[in-house]
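Hi,

Here is the structure I promised to pass on. Have a look at it first, and my notes follow below.

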Amino acid sequence: EKHLNEGLHPRVLVEGFEIAKKAALAYIEKVKKPIDCNDREQLRCVAYTALRTKLQESIANQLTDNVTDAVLTVKVPNQPLDLHMVEIMHMKHKMATDTRLVNGLVLDHGARHPDMKKYNEDCFILTCNISLEYEKSEVNSGFFYSNAEQREKMVAAERMYTDERVHKIIELKNKVCGDDPNKSFVVINQKGIDPLSLDLLVQNGIVGLRRAKKRNMERLILACGGVAVNSVEELTPEALGHADKVYEHVIGEEVYTFVEGVKNPHSCTLLIKGPHDHTIAQIKEAIRDGLRAIKNTLEDGSVIPGAGAWEVGLHTHLKNEVVKSVEGRARLGVEAFAEALLIVPKTLATNSGNDPQEALISLQNEHEKGNFLGFDVESGEPTDPCMSGIYDNLIVKRQIIQSSPIIASQLLLVDEVIRAGRNMRPR
């Protein structure tokens, strides 16, 4: 604004912005830090930096471990990371500090029969997509009978098709569990289970959950093992998954089913708890930011030191080296770009109750000496962000550097755009 008031044309500033942008993209490649994607502590620092910007310290400390472990659980070597395999479930219950990672799955419904066991241990899990309910015919049809005995036979014959499927599941249960009362058998079905089929399952000690969501069926296989069965002909012991315990948790009218104690899981659940909707929404947003921050780090393989160190370092680089190589009034655009970067350390100092000018001068003095330091909001002194574990995402910084000058240029040149549009009007 100062340069524009002095009569400098916006196009000259835009040229300086472009020069500074290219220099910034080259500088970011120099200062990026390679990271070991298998080092949990480094990934934890990335998540901690993201979560501390949205949550208070006590909750952020707890969620950092949960988010890091969740990503490492679903991470498969040499394959893209799929964050959809991390189920985010919330319960309006207890406090935010009770949020935890479940190495398994949490379903938002329970068994549909009152006599089914609520707590099961050493469970065999059958994940299936088989209809276990009476289905109407696709064409219009009807029963014609002359006495009650004929009617009963027709009903039994119609029912036989569904009962045969249920009996095959019962046979599989007897085969894998035998007479051992400590073993349990759980059927999680994507389709329906009618009341008569539920009665048969209860009589044989089987827990049945129906109408499971498709995304949970995919996660169940990754969490518990086994394969998804689409017909009773595929029922084999090898198709079964396993979990140490399956139990129900009831809160008011809502029922949740926990599948825990799975071996080698590739899917998990982050269970968010909070006293009201505002807290739950805040934690959910922070968790998604933390998951995305770790994912970006794994894809980039590098991070940028945070705490304002990169911004002050780039400002020093532009002032001491790039400006000297630019001739003409375009250097004013480079200087404006460099000054704009200092808003980050100034904001850190202001928000932490420190003097922004004093903090900025101390940081610039350190960078002039060749020390790549950031601002410590707790002590108010310069600090090494790498030693403090404060990291920013490389892809995020690169995107900001690429997009910010473009947006600023469009705003500065809006008068030219309007003027060009008027000149194109027919006279």
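The largest pocket has a volume of about 1,400 Å³. The model is predicted, so local features need pLDDT of at least 70 and side-chain atom pairs count only at pLDDT 80 or more, while totals for chains, interfaces and linings use all residues. Residues are numbered from 1 along each chain as its sequence is written, and side-chain values use heavy atoms, with hydrogens and water left out.

As for the terms, a pocket is an open set of points on a 1 Å grid over the protein atoms alone, where a 1.4 Å probe fits, with protein on both sides within 12 Å along at least five of seven lines; lining residues have an atom within 4 Å of a point. A volume is the space filled by probe spheres set on the points, which are joined across faces, edges and corners. Helices (H or I, at least four residues) and strands (E, at least two) are DSSP runs, numbered from the N terminus.

Back to the largest pocket: 46 residues line it, and Thr53, Ala307, Val344, Leu348 and Asp392 lie nearest its centre. By type, the lining has 23 nonpolar, 13 polar and ten charged residues (Ala, Val, Leu, Ile, Met, Phe, Trp, Tyr, Cys and Pro count as nonpolar, Asp, Glu, Lys and Arg as charged, and the others, Gly among them, as polar). Elements that each supply at least two lining residues include α3 (40-52), α9 (309-325) and α11 (343-351). The largest share, seven residues, comes from α14.

At 1.5 Å a residue, the 19 residues of α14 should span 27 Å, and its end C-alpha atoms are 28 Å apart, which agrees (the expected span is 1.5 Å times one less than the number of residues). Leu394, Lys397, Ile401, Pro405 and Ser409 of α14 are buried, where buried means under 20% relative accessible area, exposed over 50% and partly exposed in between, with a 1.4 Å probe and protein chains only. Among the elements covering these buried residues are α2 (10-31), β11 (302-305) and β14.

The second largest pocket has a volume of about 320 Å³. Its lining is made of 13 residues, with Leu83, His84, Val86, Ile88 and Arg288 nearest the centre. β2, α7 (214-224) and α8 each give two or more residues to this lining, and the largest share, four residues, comes from α8.

Thr99 sits in the loop between β2 (86-92) and β3 (100-102) and counts as buried because its relative accessibility is 1%. A polar atom of the Thr99 side chain lies 3.2 Å from the backbone nitrogen of Lys273. Leaving aside neighbours within four places in sequence, Thr99 is in contact (heavy atoms within 4.5 Å) with residues including Gln62, Asn66 and Ile283.

Ser267 is in the loop between β9 (254-260) and β10 (268-274), and at 0% relative accessibility Ser267 counts as buried. A polar atom of its side chain lies 2.8 Å from the backbone oxygen of Met85. Not counting residues up to four places away in sequence, Ser267 touches Thr73, Gly104 and Arg219, among others.

Finally, Tyr161 in helix α5 (residues 148-177) counts as exposed, at 51% relative accessibility.

Best wishes

Terms used:
Polar contact = N/O pair within 3.5 Å; in protein donor to acceptor, adjacent residues only side chain to side chain.
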